[in-house]
Structures are given as structure tokens and as C-alpha cells.
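Here are my notes for you, written so that you can follow along with the model open. Have a look at the fold before you read on.

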Amino acid sequence: METITIRLEGLTKIFQAKNKEETVAVSNLDITIPAGKLVGLLGPSGCGKSTTLYMISGLLKPNEGRIHFGDSDVTSIPPEDRGIGLVFQNYALYPHMTVRQNIMFPLENLKVPKQQALAQAQKYADLVGIGELMNRKPVQLSGGQQQRVAIARALVKEPRVLLLDEPLSNLDARLRLQTREEIKRIQRETGITTIFVTHDQEEAMSISDEIVLMRDGVMQQKGAPQDVYDKPDNLFVAKFLGSPPINIFEGEIKDNKVLFGDSTFGTKKLPDQPVTIGIRPEGFKLVDKADFKVQVEYVETIGRDTTLIINNPLVPGETFRAIVDADHRIIPGDTIYLEPKEHKMFLFDKESGVVL
Ligand SMILES: Nc1ncnc2c1ncn2[C@@H]1O[C@H](COP(=O)(O)OP(=O)(O)O)[C@@H](O)[C@H]1O
Ligand SMILES: [Mg+2]
């Protein structure tokens, strides 16, 4: 299979409703999807993920901008001529057809000879692990199996690009995990350039070579999942990635010290100003003595990790989380001392949310 790079250039989509209200669903998007990679397009519901995917597929026409597949500009090429495979959340299989007929369907339109179409359908059914189920009807399959049929059907024409729009959302938790690993394997084996849309940060982080995080139609950050997690460009990115989420404290910079109330969280060469401090749950060290003295509200132990739910000393009724090794014996009510780890603490401009 030929692998291609996808390049989006200033891509913009504006929906105009009857009452004349405009929605800028996607705004001036510049992204390169590297050849042969799986890129996770991530963000909250309504941020423009599907709209972006449909513009890449050709189902939606951008108001502005260009779409390039490799060296060719495909912006005005109809969907059927773009060499794409599409998979949706709701499988969209034909209920009266068998698995085999469903997978072969795209080839019938292309007038591929019967024997060749059968072989091709079997090849992709085997690849997605449903080669034994060719005579079944969709209703006789689990959700995960149905989604694999949909993936085989998308691949059978050997497209240059695979586009998946929340493909796992209809599956239960266990199947979702299994199927996402399966998608990763299929993508690796075929080497097909793939865009995987999801609102689930954990899903995107686990499956993607790179993630693109969007908000309100605007790209926030792009990069390897761990890099974006470790170096968020703004508060939105920091809050969207990570489970349990990052802890937020309203603090200040004074004389190059990062202060939260009377506690020093570290140093930073910056003018005196109020700042938003973000510290990952795994970003605290338990120490014998520090000026951040807090009281433990309760303790959750899961496997080797202990999560401490701790009262925020400056905001009554509010708690934050610190994940520490399970060998620390801590019980509710204990008073402990914490120190932020420097590389797990981020400072954000209080107005713009941009990282400082
Ligand atoms: N056909 C449409 N007409 C009008 N507005 C739309 C249409 N499709 C999507 N939108 C709006 O565009 C924005 C982005 O939608 P969408 O791309 O579906 O988001 P996501 O897939 O990230 O949940 C939303 O505000 C949505 O309401
Ligand atoms: Mg969507």
C-alpha cells in the first residue's frame, strides 16, 4: 500500500444556520499528518473533530483552505476518488447482507472480478480477525466484531487513508480496550496513514503516534502523547489530558518564588504576578518537612499506587489528589508535608491560560 502524508492548510468550515447564526466549526487549521502514522484527533464534544474528518474525506467542503494528499491537492476531488476508507461510530453495516457481502460491497461498485473480490474480502477479514465469521449476518455479531467488519470494509479497497470517527464509542469498556489495541495492530500492519477521532483522552493517548488537541475549532497543541502531557502549551491542554486530572491552585509569583498562600512551591524567574499553578497528581513528593503542610481527607489504594485525597488548605471544602507509592502508610486525618516535583508543575498566565 502506498503511504501518504496529509497536509491541511488554513482549513476553515463555517456552518450557516437558517436563522443566520454562524458556527465556526473549524478555524484555520494547519496540520500535517505524517505518512504511515496514526494521529488521534482529540477534543471535547463539538470542538470540530468530525467536521475536520469530513472535510478530509470530501463529504464536507471547506469554506477556506486546502487539503493535500501527498503531492496532490484533493480539495475539489469528490470523496469516492480520494482513496479513503471511513469508519463511523455506528458501524453502518447492511443488516440483510452477510459479513462477506458487507466487506465486498465497495468492490462491487468498482466492478472488481468476483474471484479477486472474494480473495480481497477474505484477506481483510483475516487481518481484522473475523475471517471465520464470513457467513454471519451483522445481528449475529458482537459490537466489537461488527466494528471489525466495518474496518475490513473500509480497508478492502486498499485506501491511502483510513479515517475513523469515534469508532469505539458504542462498545462496552472491555471491548473498547480490546478493539483499540486491534486497531493499532491493523494500522501498524498495513502502514496506512490513519486519523482516529475521539473525545476520550486516554484512548487517544494510548493509541496515537501523535495527538492533535482541538478546542472550539482551533488546534491547541500537536505532538507525541507523552510530550503534550509533559509540556502542555496552555491550561486547557493541561486539564484535558491526564486521569485523575491535574490539580489547579491559584497562586502568585513574588520575588521569583512560586507561592501558594504562605507555601513556596518552587522558584521561577518571572515578574511578580498572580498565576494559575497546575500540578499533576503524580507531581508531589512526600517529605519529612516542607512549608506545604496539609491534611489527608481519605486514602484510595489501587494496586501499587496510593491516591491521597487532601484538603486544600486555602480553599475550604476543596480537595486535591496526590499519587504516592503504596508503601507509605498514611491514614485519613494524617498531617503530611508535600513538595511539588519541578517537572510536574506548570505555571499559566492567569488571564490567557498560556504556559509561562
Ligand atoms: N451540519 C451542521 N450544521 C450546523 N452546525 C454544525 C453542523 N455540523 C456540525 N455543526 C457544529 O459545528 C461544531 C463542530 O461540530 P463537530 O465537528 O461535529 O464536533 P465534534 O465532532 O468535535 O463533536 C459544533 O458546534 C456543531 O454544533
Ligand atoms: Mg463528532
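1. **Ground rules.** This is a predicted model, so local features need pLDDT of at least 70, side-chain atom pairs count only at pLDDT 80 or more, and totals for chains, interfaces and linings use all residues. Residues are numbered from 1 along each chain as its sequence is written, chains are lettered from A and ligands numbered from 1 in the order in which they are written, and side-chain values use heavy atoms, with hydrogens and water left out.

2. **The whole chain.** You'll find eight helices and 20 strands in the protein chain. Helices (H or I, at least four residues) and strands (E, at least two) are DSSP runs, numbered from the N terminus. Along the principal axes, the C-alpha atoms fill a box of roughly 75 × 45 × 40 Å. Of the 356 residues, 48% are buried; buried means under 20% relative accessible area, exposed over 50%, and partly exposed in between (1.4 Å probe, protein chains only). Now count contacts (heavy atoms within 4.5 Å): among those with a separation of 6 or more, 66% link residues 24 or more positions apart.

3. **Start with α2.** This helix covers residues 99–109, and its buried residues are V99, N102, I103, M104, P106 and L107. Keep in mind that an α-helix has 3.6 residues a turn, so residues three or four places apart point the same way. What do the buried residues of α2 pack against? They pack against α3 (114–127) and α4 (143–155). Just past the end of α2, K111 has a positive phi of about 60 degrees.

4. **α2 with α4.** These two helices pack at an angle of about 30 degrees, their axes 7 Å apart. That makes α2 roughly parallel to α4. For reference, axes are lines fitted to C-alpha atoms, for helices over the stretch in contact, and angles run from 0 to 180 degrees between N-to-C directions. Angles under 35 degrees count as roughly parallel, over 145 as roughly antiparallel, 65 to 115 as roughly perpendicular and the rest as oblique. On the α2 side, V99, N102, I103 and P106 meet V149, A152 and R153 of α4. Sorted by class, that contact has five nonpolar, one polar and one charged residues. Ala, Val, Leu, Ile, Met, Phe, Trp, Tyr, Cys and Pro count as nonpolar, Asp, Glu, Lys and Arg as charged, and the others, Gly among them, as polar.

5. **α2 with α3.** Here the axes come within 9 Å and cross at roughly 120 degrees. α2 and α3 are therefore oblique to each other. From α2 come R100, I103, M104 and L107, and from α3 come K114, A117, L118, Q120, A121 and A125. The class count for this contact is seven nonpolar, one polar and two charged residues.

6. **The cores.** Which residues have the most contacts inside the largest nonpolar core? They are I103, I130, I151 and L155, in a core of 35 residues. A nonpolar core is a set of buried Ala, Val, Leu, Ile, Met, Phe, Trp, Tyr and Cys residues joined through side-chain atoms within 4.5 Å. Leaving aside neighbours within four places in sequence, I130 touches V99, I103, A125, Q145, R148 and V149. There is also a second, separate core of 24 residues, including I4, I56, L163 and V197.

7. **Backbone spots to check.** Most residues other than glycine have a negative phi, and most peptide bonds are trans. E166 has a positive phi of about 45 degrees although it is not a glycine. E166 sits in the loop between β7 and α5 and is buried, at 12% relative accessible area. N256 also isn't a glycine, and its phi is positive at about 65 degrees. N256 is in the loop between β11 and β12 (257–260) and is partly exposed, at 33%. Finally, a cis peptide bond joins S243 and P244, with omega about -5 degrees; P244 lies in the loop between α8 (235–240) and β11 (247–254).
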